[in-house]
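Open the model in your viewer and keep the sequence panel beside it. Each stop below tells you what to select and what you will find there.

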Amino acid sequence: MAIPALPGQTRTPPSATAVEGFNTAPADEAHATLLTCLHSLRWAQRIAAHRPYPDLDSLLAAADEAAYDLSPADLAEALAAESLPALPADTYSAAHTALSAAHAAYEARFGHVFVICLGDSTPTEALDRILEGIRSRLANDPDEERVVAAEELRHLARGRLISALENPHPTGRP
């Protein structure tokens, strides 16, 4: 199954200083930052243990590689910590009802929350992308969906890691 392309990133990547800050952070701080990006203990430990990284591309490549190596248990751990993407505050109630119903069907079929990387979607596009994603992915068999969900988590972790480097003292998940 082909995985749909995600929109390109338009923001400026973190500076080399941000990567250096991650490299020199205490191990527990680096580990905590990584867990805000993807809640897999093994993934976070692996990336933190291989510091220092010479540059952002190397760090992101390590994050990708660690994500590709998630075991089914690691994937289940990461999915259990995810939540459905938030809808814009002005979304009408029928949309919330439709999203709740679609998500319930997805969770009943696959046993975990629906994850999707919205990339550079605008708030007005988010609802349509989420509903379209859930509806199309409900047709997947469980093994196929596990692969798609893992890929979406990888994209989410990558974006969150970049955000965490841009804002090294987040108050919550980037």
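A disulfide is a pair of cysteine sulfur atoms within 2.5 Å. By that rule, the count here is 0 disulfides. Keep in mind throughout that this is a predicted model.

**Stop 1**

Select Cys37. The residue is buried, at a relative accessible area of 0%. Now select Cys117. This cysteine is also buried, at 10% relative accessibility.

**Stop 2: helix 1**

Select residues 16-24, which make up helix 1. Which residues of helix 1 are buried? Colour Ala18, Val19, Phe22 and Asn23: these are the buried ones. Now look down the helix axis. The buried residues fall within an arc of 140°, so they line one face of helix 1. Turn to the other side of the helix. Thr17 and Thr24 are exposed there.

What covers the buried residues of helix 1? Show helix 2 (27-37), helix 3, helix 4 and helix 8: the cover includes these four elements.

**Stop 3: a charge over a ring**

Stay with Phe22, one of the buried residues of helix 1. The charged end of Arg51 sits over the Phe22 ring, 5.6 Å from the ring centre.

Move on to the next residue, Pro52. The peptide bond from Arg51 to Pro52 is cis, with omega near 5°. Most peptide bonds are trans. Where is Pro52 found? Look in the loop between helix 3 and helix 4.

**Stop 4**

Side chains of opposite charge can pair when their charged atoms come close. How many salt bridges does a search of the whole structure find? The search finds 9.

Start with Arg42 and Asp74. Their side chains meet in a salt bridge, 2.7 Å from N to O. The pair links distant parts of the chain: Arg42 is in helix 3 (residues 41-49) and Asp74 is in helix 5 (residues 72-80), 32 residues apart. Check each partner's surroundings. Arg42 is partly exposed, at 39% relative accessible area, whereas Asp74 is buried, at 10%.

**Stop 5: a salt-bridge network**

Select Arg158 and Asp64. Here is another salt bridge, 2.6 Å from N to O. Arg158 belongs to helix 8 (residues 142-166) and Asp64 to helix 4 (residues 56-68), so the bridge ties together parts that are 94 residues apart in sequence. Arg158 counts as partly exposed, with 27% relative accessibility. Asp64 counts as buried, with 13%.

Are Arg154 and Glu151 buried or exposed? Arg154 is buried, at 9% relative accessible area. Glu151 is buried as well, at 13%. Now view the four residues together. Salt bridges that share partners join Asp64, Glu151, Arg154 and Arg158 into one network.

**Stop 6: Arg160**

Select Arg160, also in helix 8. The residue is buried, with a relative accessible area of 11%. How far apart are the C-alpha atoms of Arg160 and Thr33? They are separated by 9.6 Å, although the residues are 127 apart along the chain.

**Stop 7: aromatic rings**

A pair of aromatic rings is described by the distance of the centres and the angle of the planes. The count for this model is 3 aromatic pairs. Select Tyr106 and Phe110. Their ring centres are 4.8 Å apart and their planes meet at 50°, so the pair is tilted. Planes under 30 degrees apart would count as stacked, and over 60 as edge-to-face.

Both residues lie in helix 6 (residues 93-110), 4 residues apart, about one turn of the helix. Tyr106 is buried, at 0% relative accessible area. Phe110 counts as buried, at 14%.

Which cluster do Tyr106, Phe110 and Phe114 form? Together, these three make one aromatic cluster.

How values were computed: Residues numbered from 1 in each chain as written. Predicted model: local features only at pLDDT ≥ 70, side-chain atom pairs only at ≥ 80, totals over all residues. Heavy atoms only, no water. Helix = DSSP H or I, 4+ residues; strand = E, 2+ residues; numbered from the N terminus. Buried < 20%, exposed > 50% of the residue type's maximum accessible area, 1.4 Å probe, protein only. Arc of directions from axis to C-beta. Contact = heavy atoms within 4.5 Å. Phe/Tyr/Trp six-rings, centres within 6.5 Å; stacked < 30°, edge-to-face > 60°. Lys NZ or Arg CZ within 6 Å of the ring centre and 35° of its normal.
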